[in-house]
Amino acid sequence: MKNIPNVSDNSLITEAVGNYNSSFDVIYNRLLQTWLSPFVARSEVHTFSGGLISPKTLANADSENNGPQEKFYFGKRKVFYSKESLAKWIAEHCSYKN
């Protein structure tokens with residue numbers, strides 16, 4: 001079985017801060033590499049983001065049309081996202097301040 005790195009470890013932040021110019025790419029690529037499924041349920045956003053984002057935060061962003069571009073529904077209430085769209089949204093909302 002493949003060893004999956006822990007998204008919540010500090011190496012992601014260290015790697016992004018160490019090379020500020022490519023922090024978007026680092027965060028985006030790391031999130032894509034660590035999640036095996038092509039989709040992320042809103043209820044799993046907390047796990048996908050390493051604890052940075054709660055499902056409620058994402059639901060609020062969606063209600064204001066500020067959430068990830070690719071949003072899907074399963075049934076009437078279950079919301080999920082493509083991992084690429086969610087990773088891009090997260091990376092776009094991350095910043096480094098000195």
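**Exercise 1. Find how helix H5 (residues 83-92) lies relative to strands E1 and E3, and give its angle to E3.**

Step 1. Axes are lines fitted to C-alpha atoms, for helices over the stretch in contact, and angles run from 0 to 180 degrees between N-to-C directions. Contact means heavy atoms within 4.5 Å.

Step 2. Helix H5 lies across E1 and E3, and runs at about 80 degrees to E3.

Step 3. A word on the model: it is predicted, so local features need pLDDT of at least 70 and side-chain atom pairs count only at pLDDT 80 or more, while totals for chains, interfaces and linings use all residues. Residues are numbered from 1 along each chain as its sequence is written, and side-chain values use heavy atoms, with hydrogens and water left out.

**Exercise 2. Work out the strand order of the open sheet and the pairing of its strands.**

Step 1. Two strands count as paired if DSSP finds at least two bridges between them.

Step 2. Three bridges join E1 to strand E3 (residues 78-82), and the two run antiparallel. Phe39, for instance, has Ser82 in E3 as its bridge partner.

Step 3. E2 and E3 are also antiparallel, paired over four bridges. Here Lys71 stands opposite Tyr81 in E3. Their hairpin has three residues between the strands, and Gly75 takes a positive phi near 75 degrees.

Step 4. Put together, the three strands have the order E1-E3-E2 with antiparallel pairing. Strand E1 (39-41) and strand E2 (71-74) are the edge strands, each pairing on one side only. From one strand to the next, the twist averages 35 degrees.

**Exercise 3. Describe the packing of helix H2 (residues 23-34) against H5.**

Step 1. Two packed helices are described by the angle between their axes and the distance between the axes.

Step 2. The axes of H2 and H5 come within 9 Å and cross at roughly 145 degrees.

Step 3. Now for the residues: H2 makes the contact with Phe24, Ile27, Tyr28, Leu31 and Leu32, while H5 uses Lys83, Glu84, Ala87, Lys88, Ile90, Ala91 and Glu92.

Step 4. Sorted by type, these residues give eight nonpolar, no polar and four charged. The sorting counts Ala, Val, Leu, Ile, Met, Phe, Trp, Tyr, Cys and Pro as nonpolar, Asp, Glu, Lys and Arg as charged, and the others, Gly among them, as polar.

**Exercise 4. Is Lys83 buried or exposed?**

Step 1. The cut-offs are under 20% relative accessible area for buried and over 50% for exposed, with partly exposed in between (1.4 Å probe, protein chains only).

Step 2. Lys83 has a relative accessible area of 13%, so this residue is buried.

Step 3. Next, look at the surroundings: leaving aside neighbours within four places in sequence, Lys83 is in contact with Leu32, Trp35, Leu36, Ser37, Pro38, Phe39, Val40 and Phe48. Lys83 and Leu36 are 47 residues apart in sequence, yet 9.2 Å apart in space, C-alpha to C-alpha.

Step 4. Zoom out to the helix: seven of the 10 residues of H5 are buried. What covers them includes H2, E1, helix H3 (45-48), helix H4 (55-63) and E3.
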